[in-house]
Amino acid sequence: MSVTTTRHGATLLLTMENGAVNALSSAHIKALHEALTAALNDPDCRAIVLTGAGKFFCGGADIAEFDTGGTADDLRDLIEQLEQSPKPVIAAIHGAALGGGLELALACHHRLAHQAAKLGLPEVTLGLLPGAGGTQRLPRLIGAGPALAMMLLGKPVSAKLAQASGLIDGMTDGDVVAAALALAASAALPLRRTGDLPPSSDLTQAVADAREGLRPGLSHAPAAIIDCVEQITPDLAAGLAYEAGAFAALLVSEASGALRHAFLGERQVARIPGLPRDLPLRAIETVGVIGGGTMGTGIAIALLNAGLAVTMVELKDDALARAQNTIGKTLARDVDKGRISADEADARLARFTGATAYAALAPVDLVIEAVFEEMAVKTAVLQAAEAVVRPDAILASNTSTLDLDLIAQAVADPSRVVGLHFFSPANIMRLLEVVRGAKTAPDVLATAMALGKRLGKVSVVSGVCDGFIGNRMFEEYLRQVWFLLEEGALPQQIDAALEQWGFAMGPCRTMDLVGQDIGWAIRQRRAVEQPDRPYSRVIDRICALGRFGQKTGKGIYRYADGRTPSPDPEIENLILAYSAEIGLPRRAISDEEIVERCLLALINEGLRIVGEGIAYRPVDVDMVFLHGYGFARERGGPLFQADRIGAPDLARRIAALATGRNGWAWEPAPLIDTMAAKGAAFSTLNA
Ligand code: 3H9
């Protein structure tokens, strides 16, 4: 962390340097304040240029410090000092200027940017608002309407758009620092203070429009941003004070805590305990995908989209043709939707090779099998692949339930076997569970994680267990859902309660989409393996009717148009009859009970998974649920919620459920007592 000052004639160049993005930590703000003060006191300095080292101008306030420190006031003071500087200050924005970083630039008297730079106020994505003057200065500079659009979307704009809106004064495709120094030397620059500008004429209308467009959500940040803009008057100080109060209120909200946890967690899961960050990786450019079904095809598209070459081996000609056809159609749709150019689609297709024999895999760097979920099939396929690939090629299995260590035993060198559990559709879903077998080599694991990053996935390492992290937890969640059905709830009530709480899709709709037959097959296996852990057979009755969900036009719901669920009286009768058959008087079940049981089932199993070392940290569990299971980002994940409840209360609430019907399912995870005894939050295990 430092600010370097260099002299260029009568101009001082202040270069911020702090980590990857020059984040405004409290120490960095102090260093900036000191450098700025020194420049202001320097009698030979007539102008100041502010820039950042590395790729970024500044990524904003330090997100990791929000929970611990009071950087906000120091940042506001620094920004005030910048704007009030009697010497002109020019922001030389060579890379992204985001959040507090853009707020710094807004307080400068001139702004020049490189044409590749991005400028934005993404605080809303963290459940916050621009709290260092952004809501007061940006609308003055570019108009309330455009400013609200930027702040409510949180999406950075290009330098070109920034110039068109008046956010920056100039753009260059050359050296922006040199351009700023030349500008400073060329003339006596006026002190244009953004805060002195009058409120924009579109203010009232823009606020009304924004309010009308507001959608209900778990975060209060969008509404608070509009409120702040509404407060703009010629009195800047009053507006800034209002903004500071609104920022402080959001900072302690559940949604902001959760969204910041998600931002930091997405990056933390890439750090694998015990694996050095600079471990040499195996080069992956060509990937063999075995199996041309839905999963194999999705994986192939994800790989092609990320610039890799794919050789698909599918023993059946017609299945291979179908896969190829799907890939072509998906890319064509991306062209139609304007996501990629026709040339790019051609280039992606040109990297695809289809084959019906394993020999085609000889040159690949990695093989991913995506064949039928059966041990004998998977092991045979990997053995066949091993016989033709190079000895350093990685062998990956896409199994979702089978024991990866048994799969690895089937090949000569188990150290090169890793699990890559994609979620369907693999080219869309962001989650990738990277399964570390007992013998997986460290560089194989690290290479798999790097591949996940290249594919744009959030990759989370899981140890070997049935269902890995996500499906193992989801099974306990579903167990409660099916019990709730037989006890008195109807599918639409369960779905509505959980969707209202924050799940993207309720469990009944989800399973209708995934295919009820998949859950049915797992339950049949479980009935044999775990006869002491029964589940409600009510769902099997539905499956026995051949109602597998959307794909059969009917599942728990009816799908008249193939996609939209509507409650089906036939199913309601079936559920009621089932309760009567097992002699269970149905009772009114509250939405609170539905959420309590489903959420605590996830938390309890998640904590068991952390306790067993299957997941490295609670945050890994949370990222699995955010990116693979539609858990609301504003709720942070099941184990973020566990900390909101706290270990002692969690123990009490689980104990209460354990005294109820099917109490056997509520054996508390040992970690709950451990952390309750220590008086420590589960999040301390993330460190
Ligand atoms: C704010 O400014 C509030 C103010 O209005 C008011 C205050 C009063 N803080 O993403 P990457 C780390 S709120 C701390 O992998 P990329 C990140 O964790 C802030 N750390 O790189 C990672 O660490 P590690 C508003 C940060 O190239 C490393 O930098 N700003 C911050 O894919 C590299 O990050 C935002 O919301 C930060 N602000 O993307 C911007 N930013 O290597 C948030 C990054 O240890 N940041 N790190 O894992 C981003 O959107 C992306 O990081 C960025 C770079 C686009 C900048």
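**Figure 1. Residues around the ligand in the predicted model.** The structure shown is a predicted model. The shell around the ligand holds 27 residues. Those that come nearest are Gly59, Gly100, Glu103, Glu123 and Arg267. By class, the shell divides into 16 nonpolar, 5 polar and 6 charged residues. Three helices each supply at least two residues of this shell: H2 (71-83), H3 (100-107) and H11 (254-268). As for its site, the ligand sits in the second largest pocket.

**Figure 2. Close atom pairs between protein and ligand.** Which ligand atom lies 2.7 Å from an N or O atom in the side chain of Arg267? It is an oxygen atom of the ligand. Backbone atoms take part in two further pairs. A backbone N or O atom of Gly59 lies 2.9 Å from a ligand nitrogen. At Gly131, a backbone N or O atom is 3.1 Å from an oxygen atom of the ligand. Taken alone, the ligand exposes 1000 Å². The protein buries 76% of that area.

Figure 3. Glu487 belongs to helix H18, which spans residues 468-487. Is Glu487 buried or exposed? Its relative accessible area is 5%, so Glu487 is buried. The side chain of Glu487 makes a polar contact with the side chain of Arg587. The contact distance is 3.0 Å.

Figure 4. Gly488 lies in the loop between H18 and helix H19 (491-501). Gly488 has a relative accessible area of 19%. Buried means under 20%, so Gly488 counts as buried. Pro585 is 97 residues away from Gly488 along the chain.

**Figure 5. A cis peptide bond at Pro425.** The bond from Ser424 to Pro425 is cis. Its omega is near -5°. Most peptide bonds are trans. Where does Pro425 lie? Pro425 is in the loop between strand S15 (417-422) and strand S16 (431-435).

**Figure 6. Asn22, with a positive phi.** Asn22 is not a glycine, yet its phi is positive, near 55°. Most residues other than glycine have a negative phi. The loop that holds Asn22 runs between strand S2 (11-17) and helix H1 (26-41). Relative accessibility is 1%, so Asn22 counts as buried.

**Figure 7. Asn662, with a positive phi.** Phi of Asn662 is about 55°, a positive value in a residue that is not a glycine. Look for Asn662 in the loop between helix H27 (647-658) and helix H28 (670-678).

**Figure 8. Asp235, in a loop between two helices.** Asp235 sits in the loop between helix H9 (221-230) and helix H10 (236-251). The relative accessible area of Asp235 is 42%. Exposed means over 50% and buried means under 20%, so Asp235 is partly exposed. Asp235 and Pro199 are 36 residues apart in sequence. From C-alpha to C-alpha, Asp235 and Pro199 are 9.4 Å apart.

**Figure 9. Gly679, in the segment after H28.** Gly679 is found in the segment after H28. Relative accessibility here is 66%, so Gly679 counts as exposed. How many residues along the chain separate Gly679 from Gly143? The two are 536 residues apart. The C-alpha atoms of Gly679 and Gly143 are separated by 50 Å.

Key:
Residues are numbered from 1 along each chain as its sequence is written. This is a predicted model: local features need pLDDT of at least 70, side-chain atom pairs count only at pLDDT 80 or more; totals for chains, interfaces and linings use all residues. Side-chain values use heavy atoms; hydrogens and water are left out. A residue is near a molecule or strand if one of its heavy atoms lies within 4 Å of it. A polar contact is a pair of N or O atoms within 3.5 Å; within protein, one must be able to donate a hydrogen and the other to accept it, and residues adjacent in sequence count only if both atoms are side-chain atoms. Accessible areas come from the Shrake-Rupley method with a 1.4 Å probe; for residues, only the protein chains shown count as cover. On a 1 Å grid over the protein atoms alone, a cavity is a set of points where a 1.4 Å probe fits but cannot get out, and a pocket is an open set with protein on both sides within 12 Å along at least five of seven lines; lining residues have an atom within 4 Å of a point. A molecule sits in a cavity or pocket if more than half of its atoms lie within 2 Å of its grid points. Helices (H or I, at least four residues) and strands (E, at least two) are DSSP runs, numbered from the N terminus. Ala, Val, Leu, Ile, Met, Phe, Trp, Tyr, Cys and Pro count as nonpolar, Asp, Glu, Lys and Arg as charged, and the others, Gly among them, as polar. Buried means under 20% relative accessible area, exposed over 50%, partly exposed in between (1.4 Å probe, protein chains only).
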